[in-house]
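Here is a briefing on one protein chain. Look over the sequence and the fold, then read the points below.

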Amino acid sequence: MKNAFAIVTLSGLLTACAIAPQQQSAPPEKAALAQDGATSGQDEPELDEEEALAKARAELEARLPKVELTSTLLYQLMKAEFEFRAGDWQGPYLTMLSLAQQTRDPRLARRAAEMAVAAKQADDTLAAVRLWHDLDPESEEATQYFVGMVVTSDNIADVEPIFAQRLREATPGRRGMLMFQMQQLLARAKDKEAAGAMVERLIAPYGDTMEARVVRAQAALARGERETALKEARAALVAKPDSEIAALMLAQVLEDETQIIALLEQFLKNNPNAREVRAAYARVLVNRKEYPRARQEFELLLKDQPDNAAHLYALGILTTQMNDAPAAERYFTRFVEVLGRNPDDERDPSRALLILSQLAEERGDLGGALGWLDKVPEGTDPQTLFSAQLRRAHVVGKLGDLAGARRLLGALKPEEPAQQAQLVVAESTLLREAGRTGDAYAVMEAGIRRFPKNPDLRYDFALLAEKLGKVDVMEKQLREVMAQAPDNHHAYNALGYSLAERNVRLQEAYALIAKALEMAPGDPFIMDSMGWVHYRMGNLAEAEKFLRQAYGLRRDPEIAVHLGEVLWQKGDKVAAQQLWREARAKDPQNDTLRTTLARLGLSL
């Protein structure tokens, strides 16, 4: 039985993980309600696995009634089992329930519950689980299933004495965990008001403890009573100043991001080993797009826990966002290795494998790109698997086997129109990269006729049209995207940047990019566009400001080229050449760098 208190994102910093995985034949809704095994206050000697099993069997045998297995009872049991296997559930269920009542044997009640579960009969399952618990109230398993089912029923009153007893018998160190678990379980109740009142009654005897304060703060926040939640959260941190849970609860209640940052930084200053608070702090920095600082925090966490898959994945995403491909590849590779060494870890490595495939392709290792795709599990979710299949076709095309790549695409038969449109884009891209631009354009034209309401397809068609010099087609398609998806900031940015790049209709370009930036204020590529249109308009100071912001968020070669040109025009030629060298190191074939140097009559 696993009991954990998990810290997650800022929008939900406190979550008690109180539900155990279900076994195939067991009743549902089993509540992982921790039971304190040291109620006497003395530690019991640890037993090895065989001794523990023997002890558990002995305790169970002592509790079970002495039932004689008569021929009649054996016949009834076997008849019920055979009928159940033949597809009938109700008769066998009633037989097991009746025999459990007659013999007072809880095992028969448990079997009745299993039959009701198989038949998806919630009320009958609850009746059997209730009897199972009544017949064996000392059974931890029966209690957990009973609690798990009752809290989602119409009457939750039956669980209050169980909860109250657990809290009384728990040691102080375990009582707090129980409070969190009970609150999480009761949050699933249909009658929220009754559940809230029960929580208040249960924690009343322990009201001044940090854990009770946190529970009250959570309850108040759920009711929308922020002032009460703030009062309780602050009191919780006063009660236990080094409590990560209390600090995170207060961070959750605070609305001002500056106050949240100050709280977490001060807590980490006083408690530098507070891992959960540091992880939350790193996520806040990510939300603020302070990627270098967030990376430092995650790297500190990884130093203490080098095989922490969550931190490895976070660092992989962060370094990808920062365009640090070598670091991203290292982190994602380790993430996949850690999952491979821990088969019980249920995290899906597929997204990391797709990114690793892309990173391998970007550094020219097409065989490695296919190798990562070979590792994508077949049981992954359909959309991710479809993306992996598209990527495989793309890499095969890059290897020069256009016919083989198109065969791979032709073998895919998606039912969803959105995925069918993705196939159109994938085939067009294969043809364009193979130099058959006319065929690529024809495929996209046919796709638009087939999927006229797909704004993503129109957007890709617009970009292809621009590459072929068909700027009128590009503008028409982008404006159609804006009409179909008014919140598509990519379309506004693409058209605005195209106008700025061609040095035409600059005021209109500025308005389009400003609208895109309003919709996605932290997007480095839109910041790049804003810097570029300012440059075209002669506003060098504004251009530098936006381009430096963009490059700080993402060290992309194209942004580096733009910033370098602005600095060159401002007379800072050394800094400009340094940026261009950085861009060349990352992408030696970058078209923007090549055309910029040619236009300025320069070489590196």
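Contact here means heavy atoms within 4.5 Å. Helices (H or I, at least four residues) and strands (E, at least two) are DSSP runs, numbered from the N terminus. This is a predicted model, in which local features need pLDDT of at least 70, side-chain atom pairs count only at pLDDT 80 or more, and totals for chains, interfaces and linings use all residues. Residues are numbered from 1 along each chain as its sequence is written, and side-chain values use heavy atoms, with hydrogens and water left out.

**Whole chain**

- The chain has 32 helices and two strands.
- Of its 604 residues, 47% are buried. Buried means under 20% relative accessible area, exposed over 50%, and partly exposed in between (1.4 Å probe, protein chains only).
- Among contacts with a separation of 6 or more, 53% join residues 24 or more positions apart.

- Helix α26 covers residues 489–501. Its 13 residues should span 18 Å at 1.5 Å a residue, and its end C-alpha atoms are 18 Å apart, which agrees. The expected span is 1.5 Å times one less than the number of residues.
- Eleven of the 13 residues of α26 are buried, so the helix is mostly covered. The buried set includes H489, Y492, N493, L495 and Y497.
- The cover over these buried residues includes α24 (455–467), α25 (471–484), α27 (506–519), α28 (524–536) and α30 (557–569).
- N488 caps the N-terminal end of α26, with a side-chain oxygen 3.1 Å from the backbone nitrogen of H490. A polar contact is a pair of N or O atoms within 3.5 Å; within protein, one must be able to donate a hydrogen and the other to accept it, and residues adjacent in sequence count only if both atoms are side-chain atoms.
- After α26 comes N503, with a positive phi near 60°.

**Y459 in α24**

- Y459 sits in helix α24. It is buried, at a relative accessible area of 19%.
- Beyond its neighbours within four places in sequence, Y459 is in contact with L478, V481, H490, A491 and A494.
- Y459 and M474 are 15 residues apart in sequence, and their C-alpha atoms are 8.5 Å apart.

**Helix α29**

- Helix α29 (residues 540–553) has 14 residues and reaches 20 Å from its first C-alpha to its last, close to the 20 Å expected at 1.5 Å a residue.
- Its buried residues are A543, E544, F546, L547, A550, Y551 and L553. They pack against α15 (291–304), α16 (309–321), α27, α28, α30 and α31.

**The α31–α32 pair**

- The axes of α31 (residues 573–586) and α32 (residues 591–600) come within 11 Å and cross at roughly 145°. Axes are lines fitted to C-alpha atoms, for helices over the stretch in contact, and angles run from 0 to 180 degrees between N-to-C directions.
- W580, A583 and R584 of α31 meet L593, T596, L597 and L600 of α32.

**Two contrasting sites**

- S357 lies in helix α18 (residues 350–362). S357 is buried, with a relative accessible area of 0%.
- D208 lies in the loop between α9 (192–203) and α10 (210–222). D208 is exposed, with a relative accessible area of 64%. Apart from neighbours within four places in sequence, D208 is in contact with R213 and A239.
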